[in-house]
Amino acid sequence: MYMVSFGAFFLHLLVVGCAVGFRYIVRWGDMQMRLKEERQKNAEAELAWLKNQLNPHFLFNSLNTLVSEIEYNPVNAIEFTRNLADTYRYILYCQDKHTVELNEELQFLDTYVLLQKVRLGDCLQVDNRIADKFGETPVPPLSLQLLVENVIKHNVISMKKPMTVKMWTEPQGDDVWICVANAVRPKQGGVTSGKGLENLSQRYRLLCGKEIVIEQNEKEFIVKLPLLYDQD
């Protein structure tokens with residue numbers, strides 16, 4: 001009789017334990033799902049914020065240039081306005097996108113460089129040697145524009161000292177990187193905050209968990225961006 005009672009008691013404990021364990025597993029799974037969703041929401045919110053950080057600064061510089069061109073060169077102002085409209089059409093297109101195709105980013109970069117040539121003259125060139133086979137590879141929107149903007153912001157560029165920004169792809173282990181390089185000719189009294197590159201670095205961390213690579217010597221400044229391949 002004692003054996004039967006003990007067996008029934010043990011069976012009861014087993015059933016209760018299984019029920020408690022099952023509820024714990026379900027709750028743990030729900031908690032992990034909520035945490036994952038929360039992390040995803042936070043990552044998306046941070047990524048959107050990081051993308052939107054680029055726009056006010058670019059708009060401020062563009063409007064200043066436009067005002068100057070209207071006053072001193074109305075013909076250039078018309079061309080500048082057309083390119084500016086194309087530029088902001090692309091920015092609006094990118095608002096809800098974490099990535100765009102590299103071809104789209106390069107076309108946008110061409111428009112952006114045309115904008116800068118209105119202001120600087122024909123002393124800024126982009127030597128693009130990125131292989132065509134990478135054209136459909138995803139990249140963060142406005143990433144290449146940010147790098148070229150940094151070149152303009154921090155270096156002396158004039159008709160006497162023209163600037164060529166070189167771009168190419170480079171394999172490193174199992175990855176392929178976009179390399180963007182320019183000659184180092186720092187402006188006198190120029191202050192480098194590093195916010196633009198940190199912004200871009202954070203975007204890459206969120207998108208693919210990888211860091212951008214920055215290399216600098218006395219003659220050249222190079223930024224390397226990992227290609228994202230199948231990232232959404």
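This note walks through the main points of the structure shown above.

1. **What you are looking at.** This is a predicted model, in which local features need pLDDT of at least 70 and side-chain atom pairs count only at pLDDT 80 or more, while totals for chains, interfaces and linings use all residues. Residues are numbered from 1 along each chain as its sequence is written, and side-chain values use heavy atoms, leaving out hydrogens and water.

2. **Overall layout.** The chain holds five helices and seven strands; these are DSSP runs numbered from the N terminus, with helices being H or I of at least four residues and strands E of at least two. Followed along the sequence, the pattern is α-α-β-α-β-β-α-β-β-α-β-β. Of the 232 residues, 35% count as buried, where buried means under 20% relative accessible area, exposed over 50% and partly exposed in between (1.4 Å probe, protein chains only). Contact here means heavy atoms within 4.5 Å. Among contacts with a separation of 6 or more, 74% join residues 24 or more positions apart.

3. **The core.** A nonpolar core is a set of buried Ala, Val, Leu, Ile, Met, Phe, Trp, Tyr and Cys residues joined through side-chain atoms within 4.5 Å. The largest one has 47 residues, and Leu102, Leu144, Leu147, Ile178 and Leu225 have the most contacts inside it. Elements that each supply at least two of its residues include helix 1 (2-72), strand 4 (163-172), strand 5 (175-183) and strand 7 (220-226). Helix 3 gives the largest share of this core, eight residues.

4. Helix 2 (residues 74-94) has 21 residues and reaches 30 Å from its first C-alpha to its last, close to the 30 Å expected at 1.5 Å a residue; the expected span is 1.5 Å times one less than the number of residues. Its buried residues are Ala77, Phe80, Asn83, Leu84, Thr87, Tyr88, Tyr90, Ile91 and Cys94. They cover an arc of only 150° around the axis, so they sit on the same side of helix 2; the arc is that of the directions from the helix axis to the C-beta atoms. On the other side, Val75, Arg82, Arg89 and Leu92 are exposed.

5. **Helix 4, largely enclosed.** Ten of the twelve residues of helix 4 are buried, so the rest of the structure largely encloses this helix. Its end C-alpha atoms are 17 Å apart, which agrees with the 16 Å that its twelve residues should span at 1.5 Å a residue. Leu144, one of the buried residues of helix 4, touches Leu102, Glu105, Leu106, Leu109, Met167, Ile178, Val180 and Leu225, not counting residues up to four places away in sequence.

6. Ser143 is buried, at 1% relative accessible area. A polar atom of the Ser143 side chain lies 2.7 Å from the backbone oxygen of Pro140. Beyond four places in sequence, Ser143 touches Glu105, Leu200, Arg203 and Leu225. Asn150 also counts as buried, with 14% relative accessibility. Leaving aside neighbours within four places in sequence, Asn150 is in contact with Asn155 and Leu197. The C-alpha atoms of Asn150 and Gly196 are separated by 7.6 Å, although these residues are 46 residues apart along the chain.

7. **Cysteines.** How many disulfides does a search of the whole structure find? The search finds zero, taking a disulfide as a pair of cysteine sulfur atoms within 2.5 Å. Cys94 is buried at a relative accessible area of 3%, and Cys179 is buried at 0%.

Key
Polar contact = N/O pair within 3.5 Å; in protein donor to acceptor, adjacent residues only side chain to side chain.
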